[in-house]
Amino acid sequence: MDRIAITGGARLQGEIPISGAKNSAIKLMAASLLTEEPLRLTNMPRLADTRFLGKLLQRLGTEVTESVGEDGPETLLRTREIVSAIAPYDLVRQMRASFNVLGPLVARTGQAKVSLPGGCSIGARPVDLHLKALEALGARIDLHEGYVYAQAPRGLQGAQIDFPIVSVGATEHAMLAAVLANGETTITNAACEPEMVDLADCLNAMGAKVGGAGTSTIRIQGVSRLHGATHAVMPDRIETGTYAVAAAMAGGEVRLTRTRSDFIQALIDKMTEAGVEVTPHNDGLTVRRNGSLLKAVEIETGVYPGFATDLQAQFMALMSLAEGESVIKETIFENRFMHVPELSRLGAQITVQGGEARVQGVPSLEGAQVMATDLRASVSLVIAGLAARGETMVNRVYHLDRGFERLEEKLGACGAQIRRIKGDGEDED
Ligand code: EPZ
């Protein structure tokens with residue numbers, strides 16, 4: 001398996017173009033199941049996760065064609081007919097978001113059999129809210145041998161869906177199913193993440209009638225069919241935030257382009273409080289730190305527009321070099337501190353109690369062998385490696401490849417000493 005080696009100490013100088021958002025792209029790809037006409041997605045990130053979902057969609061009947069258009073990579077998806085409404089365990093287990101094909105399959109064909117995803121390294125991550133939403137829309141749900149069997153032979157019916165907690169995936173899933181339901185659906189306590197707006201914009205371009213996305217109440221007037229469309233995937237706000245933190249950690253000046261600073265305002269506020277200079281511009285933002293000390297600040301993750309849980313590990317890496325003690329509270333997932341022991345291998349001083357980590361800043365980190373069990377944790381180790389003395393070797397790089405497009409190339413272009421070491425295909429853990 002590939003590894004990434006980083007020799008710390010180089011300041012970053014240059015420009016990083018941000019790719020399309022992974023977590024939006026995979027839901028937009030699932031939307032292609034809702035129509036027999038082609039859906040063209042531009043600004044598509046080329047990642048292990050998007051490739052993986054493409055493979056699952058092909059099994060369900062979607063033709064998937066990748067190309068490079070005027071504005072970069074694009075993917076054309078066309079599902080003339082659903083040839084199989086089954087998403088097996090081995091595929092859903094490997095990528096949880098595959099579960100989101102359930103709603104579109106039931107909406108289009110009246111039935112589906114999709115494996116339950118199971119837990120993952122950051123928490124139990126149940127799908128009860130996804131299933132409740134589909135039940136509210138009139139689907140009959142049966143659980144049997146680890147599979148969800150969903151049936152709605154006479155189609156889905158518009159409904160009132162009131163989520164007890166905010167869930168990104170369940171809100172998206174409800175939207176993906178309700179657009180073809182008969183009548184009106186109202187989703188309350190909906191997630192407000194920018195990905196909701198991106199999905200609603202794409203569905204509306206396909207002929208759906210979705211209003212209120214980006215607020216906590218989403219109203220959907222069901223339509224009997226959707227048509228083809230072209231939609232540009234929104235910029236990846238987590239990739240944006242990750243490189244912003246990387247620039248702050250390594251020092252120097254990096255301009256992040258093809259993105260939006262307002263998507264990461266909570267992070268920018270905390271970086272500014274910590275003493276990093278952040279300047280928004282109309283194509284993104286510039287992050288600058290020239291030798292100034294970092295101040296320890298407190299953060300608490302929350303739903304949008306709060307501090308994104310997907311940026312918590314990266315910010316913790318930054319705080320490991322700050323002056324003083326930083327308190328980091330994780331409120332979204334119950335087990336999202338798996339990066340702590342690995343950051344500690346680099347010399348960070350962190351203690352965890354329940355959902356709270358206390359980071360006592362140290363003057364410097366030292367390179368070591370590390371690995372992580374999820375995508376954002378892995379990238380926090382890369383970021384820490386940029387500032388650590390000597391060499392940091394990040395193992396299990398497949399996590400990074402799931403969500404960061406050309407990571408070594410993008411950081412390398414700004415002067416980072418980073419290289420990929422090709423593995424022999426063997427998992428060395
Ligand atoms: C999405 O996960 C993202 N994944 C996550 O990014 C992100 O961390 C998360 O939203 C929060 O922003 C994708 O978009 C593919 P949730 P999702 O449903 O939809 C609980 C990454 O690294 N819950 O908002 O699964 C759940 O356990 C990933 O890119 C239920 O209890 O997150 C969690 O505690 C990691 N029942 C909370 O809600 C349910 O049915 C929020 O989860 C669903 C969720």
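1. Domain bounds here come from an automatic or database domain assignment. On those bounds, the shell around the ligand draws at least three residues from each of domain 1 (3-16 + 236-421) and domain 2 (24-223).

2. On the model itself: it is predicted, local features need pLDDT of at least 70, side-chain atom pairs count only at pLDDT 80 or more, and totals for chains, interfaces and linings use all residues. Residues are numbered from 1 along each chain as its sequence is written, and side-chain values use heavy atoms, with hydrogens and water left out.

3. Which residues come nearest to the ligand? There are 22 residues around the ligand, and Asp128, Ser167, Asp310, Ile332 and Arg376 come nearest. The shell divides into 10 nonpolar, 5 polar and 7 charged residues.

4. For proline 126, a backbone N or O atom lies 3.2 Å from a ligand oxygen. For leucine 129 the distance is 2.8 Å, again from a backbone N or O atom to a ligand oxygen. A polar backbone atom of valine 168 is 2.7 Å from an oxygen atom of the ligand. The ligand taken alone exposes 830 Å², and the protein buries 85% of that. These areas come from the Shrake-Rupley method with a 1.4 Å probe; for residues, only the protein chains shown count as cover.

5. Helix 1 (22-31), helix 5 (128-136), helix 6 (168-178) and helix 12 (375-387) each give two or more residues to the ligand shell. Helix 1 gives the most, with 4 residues. Helices (H or I, at least four residues) and strands (E, at least two) are DSSP runs, numbered from the N terminus.

6. Helix 6 is mostly covered, with 10 of its 11 residues buried. Buried means under 20% relative accessible area, exposed over 50%, partly exposed in between (1.4 Å probe, protein chains only). The buried residues include Glu172 and His173. Serine 167 caps the N-terminal end of helix 6: a side-chain oxygen lies 3.0 Å from the backbone nitrogen of alanine 170.

7. How many aromatic pairs are there? The count is 1. Phenylalanine 307 and phenylalanine 315 have ring centres 5.4 Å apart and planes at 70°, so the pair is edge-to-face. Rings of Phe, Tyr and Trp (its six-membered ring) pair if their centres lie within 6.5 Å; planes under 30 degrees apart count as stacked, over 60 as edge-to-face and the rest as tilted.

8. Check the backbone at proline 305. A cis peptide bond joins tyrosine 304 and proline 305, with omega about 10°. Proline 305 sits in the loop between strand 18 (299-300) and helix 10 (312-319).

9. Two arginines deserve a look. Arginine 396 has a positive phi, near 60°, and lies in the loop between strand 23 (391-395) and helix 13 (398-403). Arginine 406 has a positive phi near 50°, in the loop between helix 13 and helix 14 (407-412).

Methods: A residue is near a molecule or strand if one of its heavy atoms lies within 4 Å of it. A polar contact is a pair of N or O atoms within 3.5 Å; within protein, one must be able to donate a hydrogen and the other to accept it, and residues adjacent in sequence count only if both atoms are side-chain atoms. Ala, Val, Leu, Ile, Met, Phe, Trp, Tyr, Cys and Pro count as nonpolar, Asp, Glu, Lys and Arg as charged, and the others, Gly among them, as polar.
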